[in-house]
Amino acid sequence: MSPLQARVNFRPWPYAPRPFDDEAFGSWFGRVASRYQVTVEMAWEINGLGPLPALTSVGWILFAPLDESALDKLAALARIDAATIASIQTPDSWMVARRRLPFCFRCLVINPVDVSTPYWKRAWLNPSIIECCEHGAQLETAPSSVLRRAGNMQQLISSVGRYRRDAVKRRFRRGR
Ligand SMILES: [Zn+2]
């Protein structure tokens with residue numbers, strides 16, 4: 001499908017958040033799903049984007065790179081340049097199974113551009129990342145089960161927050 005055909009066939013969403021420059025594609029699409037109060041899977045299906053691509057153990061936050069046709073459809077739906085959506089794709093080489101995913105909690109909850117919009121950075125999906133490039137601190141991690149179970153970005157942020165609070169309690173109970 002050409003970009004023009006996509007524009008003809010797909011009526012744009014009434015509201016579409018713009019991706020942040022360093023955002024992961026799964027995070028952006030997860031925010032779209034949150035906005036419409038559906039899961040990422042539902043948002044994918046409802047919009048005729050075809051079968052959900054094969055994902056790893058951590059679920060949609062590590063979203064498989066899209067083909068050109070899906071990029072054009074999404075660009076038309078969100079009224080965003082296909083090149084912008086292409087720029088936040090997950091590299092193929094990052095699509096490997098993980099038991100946990102790293103993240104920086106400060107970066108996650110404090111978005112300097114828009115404090116009301118937490119998002120997942122694309123860099124955190126890089127299997128070789130060690131520390132936060134913003135804060136220099138070692139990254140925390142969340143288990144795949146917590147990430148995989150979240151339906152959309154809003155749920156993912158609150159699940160990660162809950163997991164973190166519980167982890168603090170567990171440390172206290174163990175006495176360290
Ligand atoms: Zn950080």
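These legends go with a set of close-up views of one predicted model. Because the model is predicted, local features need pLDDT of at least 70 and side-chain atom pairs count only at pLDDT 80 or more, while totals for chains, interfaces and linings use all residues. Residues are numbered from 1 along each chain as its sequence is written.

View 1. An unreviewed UniProt entry places the feature "domain: TniQ" at residues 14–139. UniProt positions are in the numbering used here, feature names are shortened, and annotations may be inferred rather than shown by experiment. Over residues 14–139 the chain is 32% helix and 3% strand, with the end C-alpha atoms 36 Å apart. Helices (H or I, at least four residues) and strands (E, at least two) are DSSP runs, numbered from the N terminus.

**View 2. Helix α2 under cover.** Ten of the eleven residues of α2 are buried, so this helix is mostly covered. A residue counts as buried if 20 or more other C-beta atoms lie within 10 Å of its own, exposed if 12 or fewer, and partly exposed in between, with C-beta atoms placed from the backbone.

**View 3. Where α2 crosses α8.** Two packed helices are described by the angle between their axes and the distance between the axes. Here the axes of α2 (residues 25–35) and α8 (residues 153–174) come within 7 Å and cross at roughly 105°. Axes are lines fitted to C-alpha atoms, for helices over the stretch in contact, and angles run from 0 to 180 degrees between N-to-C directions. The two helices are therefore roughly perpendicular to each other; the classes are under 35 degrees for roughly parallel, over 145 for roughly antiparallel, 65 to 115 for roughly perpendicular, and oblique for the rest. On the α2 side look for Ser-27, Gly-30, Arg-31, Ala-33 and Ser-34, which meet Met-153, Gln-154 and Leu-156 in α8. By class, this contact has three nonpolar, four polar and one charged residues. For that tally, Ala, Val, Leu, Ile, Met, Phe, Trp, Tyr, Cys and Pro are nonpolar, Asp, Glu, Lys and Arg are charged, and the others, Gly among them, are polar.

**View 4. The largest nonpolar core.** This core has 32 residues, and Phe-29, Ile-61, Leu-101, Phe-103, Leu-147 and Leu-156 touch the most other members. A nonpolar core is a set of buried Ala, Val, Leu, Ile, Met, Phe, Trp, Tyr and Cys residues joined through C-beta atoms within 7 Å. At least two residues come from each of α2, α3, β1 (100–103), α6 (105–109) and α8. Which element gives the most to this core? That is α2, with five residues. Leaving aside neighbours within four places in sequence, Ile-61 is in contact with Ala-24, Gly-26, Ser-27, Gly-30, Leu-101, Trp-120, Leu-147 and Leu-156. Contact means that the two C-beta atoms, placed from the backbone, lie within 7 Å. Another core lies apart from this one, with eight residues, among them Leu-74, Ala-75, Ala-76 and Ala-78.

**View 5. Helix α4 and the residue that follows.** Eight of the eleven residues of α4 are buried, including Leu-71, Asp-72, Lys-73 and Leu-74. Just after α4, Arg-79 takes a positive phi of about 50°, although Arg-79 is not a glycine. Most residues other than glycine have a negative phi. Arg-79 is in the loop between α4 (68–78) and α5 (82–87) and counts as exposed, with 11 C-beta neighbours inside 10 Å.

**View 6. The loop between α2 and α3.** Gln-37 is in this loop and has a positive phi of about 55° without being a glycine. Is Gln-37 buried or exposed? Gln-37 is exposed, with 11 other C-beta atoms within 10 Å. Thr-39 touches Ala-33, Gly-151 and Asn-152, not counting residues up to four places away in sequence.

**View 7. A buried lysine in a loop.** Lys-121 is in the loop between α6 and β2 (140–143), and is buried with 22 other C-beta atoms within 10 Å. Beyond four places in sequence, Lys-121 is in contact with Asp-22, Glu-23, Ala-24 and Cys-107.
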